[in-house]
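Welcome! Please have your viewer ready, and let us walk through this model together, one region at a time.

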Amino acid sequence: MPAEQSPAPLPEVADWLRRRSWRSADRSADRLLAAKRAAGPAGTVSVVLPALDEESTVGGIVEVIRRELIERLPLVDELVVVDSGSVDRTAEVAAAAGARVVHRDEILPRVPPVPGKGEVLWRSLLVTSGAIVCFIDADLREFDPAFVSGIIGPLLTDPDLQLVKAMYDRPLETGGAVVPAGGGRVTELVARPLLNLHWPQLAGFVQPLGGEYAARRSLLEQLHFPTGYGVELGLLVDALELVGLDALAQVDVGVRHHRHQDSQALGRMAATIYRTALERLDRTHRLKAAEGLARPVLTQFTRDALTREFTAHSHEVAALERPPMIERPEYPAGSS
């Protein structure tokens with residue numbers, strides 16, 4: 001029998017991967033600083049860390065950003081930690097490290113807050129002023145300033161870009177063992193299949209659920225913000241609908257070390273993300289089982305050990321179902 005051929009990503013996705021995927025080192029510090037100065041007010045940058053009980057990590061992140069990207073290389077104009085109700089010393093540690101700390105409940109107080117990361121990100125637009133807003137999760141360890149400079153870089157140098165996501169390896173570190181590509185379980189089991197099936201133009205994003213991304217305020221202020229874990233998927237899908245694939249990009253920033261959640265928490269996250277996707281399918285009247293509702297191809301990524309490049313691998317998503325065996329004439333009647 002002839003060997004089966006793997007399906008290919010959409011031609012526009014393959015082209016996008018070639019043109020809109022970079023490494024953080026592709027733009028030098030001098031180039032970024034020159035672009036920022038040339039952009040004037042359009043090049044102002046606000047970095048936002050949403051935080052809930054992250055006293056062990058938030059201070060280190062703030063210190064690195066302040067030292068490397070405010071004092072040494074002045075790319076960041078504003079560094080804000082939005083505390084969403086921590087009961088530990090998150091706010092105190094962040095302030096001592098040099099961030100401006102704002103409590104979620106103090107922002108837009110006439111609108112009662114609800115729990116969730118997306119709620120914090122949405123409210124952060126009211127207490128920041130940068131033309132470019134960069135979101136960074138507050139639970140990262142071994143934080144590299146490239147997580148910020150890498151993703152704001154394309155926005156500073158290319159006025160046509162609107163949103164840039166970080167891509168990286170996510171090792172799973174648990175019980176003293178490290179699984180090199182074991183992190184991102186909800187991405188691989190829920191988000192990537194949903195995007196590949198229903199929004200195949202977004203199949204090229206290595207880390208669609210990653211919490212490190214930057215966007216122009218003029219885009220963010222037009223988007224719906226799911227209040228919970230679905231915020232990353234929701235913003236990405238809505239940005240595609242609003243500005244198109246060519247206005248989106250991704251940058252390789254290396255390795256992301258962070259706290260991992262247990263299986264029940266991941267289940268809640270997965271359900272929220274699925275619900276977010278359903279809301280968007282319903283909003284665009286795409287829930288009917290019509291031709292073209294889903295593209296049955298899944299694109300996944302591995303990093304080459306030698307070149308360190310991410311490589312796309314596409315696989316057909318089988319949807320064939322067999323009828324109940326009892327309906328088959330070959331099945332012996334009454335055998336059950």
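Glu 92 has a relative accessibility of 48%, so it counts as partly exposed; buried here means under 20% relative accessible area, exposed over 50%, and partly exposed in between, with a 1.4 Å probe and protein chains only. Arg 89, at 40% relative accessibility, is likewise partly exposed. The side chains of Glu 92 and Arg 89 meet in a salt bridge, with 3.1 Å from N to O. The term stands for a side-chain nitrogen of Lys or Arg within 4 Å of a carboxyl oxygen of Asp or Glu.

Before going on, please keep in mind that this is a predicted model, in which local features need pLDDT of at least 70 and side-chain atom pairs count only at pLDDT 80 or more, while totals for chains, interfaces and linings use all residues. Residues are numbered from 1 along each chain as its sequence is written, and side-chain values use heavy atoms, with hydrogens and water left out.

Now for the overall picture. The protein has 10 helices and 14 strands; these are DSSP runs numbered from the N terminus, helices being H or I with at least four residues and strands E with at least two. Of its 336 residues, 50% count as buried. The exposed surface comes to about 16,600 Å², and carbon and sulfur atoms supply 54% of it; the areas come from the Shrake-Rupley method with a 1.4 Å probe, and for residues only the protein chains shown count as cover. Among contacts with a separation of 6 or more, 73% are between residues 24 or more positions apart, where contact means heavy atoms within 4.5 Å.

Strand β1 runs parallel to β11 (residues 248-255), and three bridges join them. Ser 21 has Gln 250 of β11 as its bridge partner.

Let us return to charged pairs. In general, side chains of opposite charge can pair when their charged atoms come close. The whole structure contains 25 salt bridges. In one of them, Asp 158 and Arg 20 have their closest N and O atoms 3.5 Å apart. Asp 158 lies in the loop between α6 and β7, and Arg 20 in the loop between α1 (11-19) and β1, so the pair ties together parts that are 138 residues apart in sequence. Both Asp 158 and Arg 20 are buried.

Another salt bridge joins Asp 137 to Arg 256, with the closest N and O atoms 2.7 Å apart. Here Asp 137 sits in the loop between β5 and β6 (140-141) and Arg 256 in the loop between β11 and β12 (257-258), so parts 119 residues apart in sequence are tied together. Both Asp 137 and Arg 256 are buried. Through salt bridges that share partners, Asp 15, Arg 18, Arg 19, Arg 20, Asp 158 and Asp 246 form one network.

Is Arg 123 buried or exposed? Arg 123 is buried, with a relative accessible area of 0%, and belongs to helix α5 (residues 117-124). Leaving aside neighbours within four places in sequence, Arg 123 is in contact with Arg 104, Ile 107, Leu 108, Val 111, Pro 112 and Pro 113. A polar atom of the Arg 123 side chain lies 2.5 Å from the backbone oxygen of Ile 107.

A last stop is Asn 196, in helix α7 (residues 185-198). Asn 196 counts as buried at 2% relative accessibility, and its side chain reaches the backbone oxygen of Arg 192 at 2.8 Å.

How values were computed
Two strands pair if DSSP finds at least two bridges between them. A polar contact is a pair of N or O atoms within 3.5 Å; within protein, one must be able to donate a hydrogen and the other to accept it, and residues adjacent in sequence count only if both atoms are side-chain atoms.
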